[in-house]
Amino acid sequence: MIAEPVLKAPETSASSRPSPVLIRKAAVLGAGTMGSRIAAHLANAGVPVVLLDLPGLAAQALEGLKKSKPAAFYDPSLAGRVTPGNFNDDVALLSECDWVIEAVTENLTIKQELLNKVAPHLKPDAVLTTNTSGLPIATIAATLPENLRRRWFGTHFFNPPRYMRLVEVIPGPESDRQMVEAIASFADLRLGKEVVFARDTPNFIANRIGVFIMMEAVRLMQVENLTVEEVDALTGTAIGWPRTGTFRLADLVGIDVLAHVAGNFARSQGLELTLPPFLAAMLERRWLGDKTRQGFYKKEKDTQGKEIRLALDWKTLDYRLAAKPKLAILEMAANVEQLPERLRHLLAGNVNKDKAARFHWKLLSALWNYAADCLPEIADDAASIDRAMRAGFNWEMGPFQLWDAAGVPETVARMKAAGEPVSPQAERLLASNAQAWYRSEGQECFDPASGAYRPVGKAEGIARISQFRASHGVVRHNPGASLIDLGDGVACLELHSMKNAIGEDVVRMLTDSLRADGEAVRNFSAFVITGDADNFSVGANLMQLLLAVQEGEWDEVDLMVRAFQRMTASIKFCPRPVVVAPFGFCLGGGAEIALHAARRQAHSELYMGLVECGVGLLPAGGGCKEMTLAAIQAAAAVRGSARSESVELMEALRRNFESIAMAKVSTSALEARGLGYLSPADRISMNRDRLLTDAKELARDIAKAGYNAPLPLADIPAPGENLVASLRQAVYTMRQGEFISDHDARIANQVAHVLCGGNITPGTLVSEQYLLDLEREGFLSLCGEKKTQERVAFTLKTGKPLRN
């Protein structure tokens, strides 16, 4: 019996029912850029992987992965989970694998020959998928045995697999429904992927839309006589696309790869791809982007040895110094924060006089019509296309969401007035008296085939705070933070200030909400602190601090620090469990918030660090205190073992000192654990869209188990003067070797003083408040230094630390 093809995502997550597939070990066939990085990400998820290619290539690729930037592994040690081998000697290893992913070059004959070679070595119940970026799934499998075709379908990852969230799952005509759903759920839960089900059509969804719009941008650049830099500015953050724009993205992906994908689609339609002459010349000259060190951009050094960036003049094929575009329409829109409003502003430009406005209108109207025309062929619904473009190309909004933001009736009327074509799908929408592709706050999407709105499918456990704002309501709100009812007795303290910087509003909201005698504590059994933005928090509001320091308002600065310390204390000593769910950047004061929680539920992509030393300060919101307590606890844990407690204390404190003094930032949640920012008991979520649900469940579990809040400690054995001297000796050695400046040394010595409890006898019992007072005193002392003020000002201006 032939299984029915599966095109829709399951409505419930795999965690709620038994899975027919247990992934204990996987294999990747092909150790090229994509294959090796897929293997690395499987290893990140805890899965042992066999990586096969031609002799020597897999081992070589594995060595490259260990050094790759951005890092392919959450931690270099995870490379040990990957076993390299070759197609000649090691195919027998496939008999141990539950999931085998083919990822060799995009050549139908090579793929079919390899699959026929490995097929006899697969387990009877193993799942076999292909990572093809656009070859027909059914055609690749045409020569496979019938029983294997039931276990065959497409799983198209995007590069780099660790960081790009999209996986397109493409069932074949004979694919077994349960196996497709099982791998989709595994990709969601274990690999952290946004899973989008696509039809077996050329280039599937994201590449079909993405490459079309990139080629359209190339065409319009020539029509409007724009530069490479101007097009990148017009197709970047202004319209909610990555700052790489069109051509910087092409350099990253590979110009040959884009040409191949475009050619693949043309051939599928019986057409021949005709590239613009300058693009054909670039391919001929092997100007393929970053991998050949030049493409639309390249870097060189000037006569003084300083690195400069050059941009290609597409008309002459000469490189010139890259220039920042001066486009009035972008300058006017720069201050419009929200994308829908900014988009309407951009589209209101005068297309008769402004070539940038003309470019935007032509590009976006082409995108909308093309996406709508493709809809019946490539996807189940418009929402699938939007999800694919958001996750696969990092767009803030997908094409149909952008169209809604611009106004479907208004833009269609504009197209018709200009004599431009309009997609029949959009005509059906308006003919049905609908005004937009989405309604009910995005919960329903228009289906042109039926002429009605359908619910947008979503797996159980996928959630963002915005949903609860609408369904359960806002309990309390100010410009920096809100208290949101998540249901089931759990409330969320959402950070939503600019860049989630921690200023007075955030401090007040958290302190008031978590007060032991407060209304929120009476009404809720647990709390989660997190946000919906790209990053958890960039740290304390340095602008507020700098203004107070420059005006000599030292009492105000002192009150700021005390208020911050009260906020973190309210988190730690709240009678209800507080779970912090950090993600993205969690820096400085954001890290201090996390350190004081009962537990942490972190996203795997966590860039966490106490970075205050980078701006000439030290952590004064309890961060130093918590790192001291962690070192003391680590030492106490070895009591009674062969390992010396004093040695463990010294090593743990030295590690924590280095993390603070060197402003170390983790490159993953796993590394954050190694740096002491997360504990072994803290949990990690692979999927960002599940972080809120996971944190809520953790908070509920802690509350149900009977939570007893800790009491402020008054009997902490201070590490004392001996360890202060040891750490300061290390600082002296670094300064003598000119690895750090005099100012760096003063900051590091202050950190050593605070971490060790000052120059007191080792073992002297001190309180948490004593350590907090040391933090505050050290912080205020450093604030008074001119070089610190220069560092803070430089960081506010550039976003980078200054070494002075």
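Modeller: A surface patch is made of residues with over 30% relative accessible area and no salt bridge, and nonpolar side chains are joined within 5 Å. The model before us is predicted. In it, L252, V253 and V257 form a nonpolar patch on the surface, with about 220 Å² of accessible area together.

Biologist: Why is L252 called partly exposed?

Modeller: L252, which lies in helix α9, has a relative accessibility of 48%.

Biologist: Which residues gather in a patch of negative charge on the surface?

Modeller: They are E551, E553, D555 and E556. One of them, E556, is placed in helix α23, residues 554-572. With 38% relative accessibility, E556 counts as partly exposed.

Biologist: How do you know whether W241 is buried or exposed?

Modeller: Buried means under 20% relative accessible area. W241 has 7%, so W241 is buried. W395 has 6%, so W395 is buried.

Biologist: Why is the pair of F536 and F583 called edge-to-face?

Modeller: Planes over 60 degrees apart count as edge-to-face. The planes of F536 and F583 stand at 90°, with ring centres 6.0 Å apart, so the pair is edge-to-face.

Biologist: What makes the contact of E181 and R177 a salt bridge?

Modeller: A salt bridge needs a side-chain nitrogen of Lys or Arg within 4 Å of a carboxyl oxygen of Asp or Glu. For E181 and R177 the distance from N to O is 3.4 Å, and their side chains meet in a salt bridge. Being four residues apart in helix α6, E181 and R177 are separated by about one helical turn. At 12% relative accessibility E181 counts as buried, whereas R177, at 41%, counts as partly exposed.

Biologist: How many salt bridges does the count come to?

Modeller: The count comes to 48 salt bridges. R165, E194, R387, R464 and D689 are linked in a network of salt bridges.

Key. Residues are numbered from 1 along each chain as its sequence is written. This is a predicted model: local features need pLDDT of at least 70, side-chain atom pairs count only at pLDDT 80 or more; totals for chains, interfaces and linings use all residues. Side-chain values use heavy atoms; hydrogens and water are left out. Patches are made of residues with over 30% relative accessible area and no salt bridge: like charges are joined within 9 Å, nonpolar side chains (Val, Leu, Ile, Met, Phe, Trp, Tyr) within 5 Å. Accessible areas come from the Shrake-Rupley method with a 1.4 Å probe; for residues, only the protein chains shown count as cover. Lys and Arg count as positive and Asp and Glu as negative; His and the chain ends are not counted. The place of a charge is taken as NZ of Lys, CZ of Arg, CG of Asp or CD of Glu. Helices (H or I, at least four residues) and strands (E, at least two) are DSSP runs, numbered from the N terminus. Buried means under 20% relative accessible area, exposed over 50%, partly exposed in between (1.4 Å probe, protein chains only). Rings of Phe, Tyr and Trp (its six-membered ring) pair if their centres lie within 6.5 Å; planes under 30 degrees apart count as stacked, over 60 as edge-to-face and the rest as tilted.
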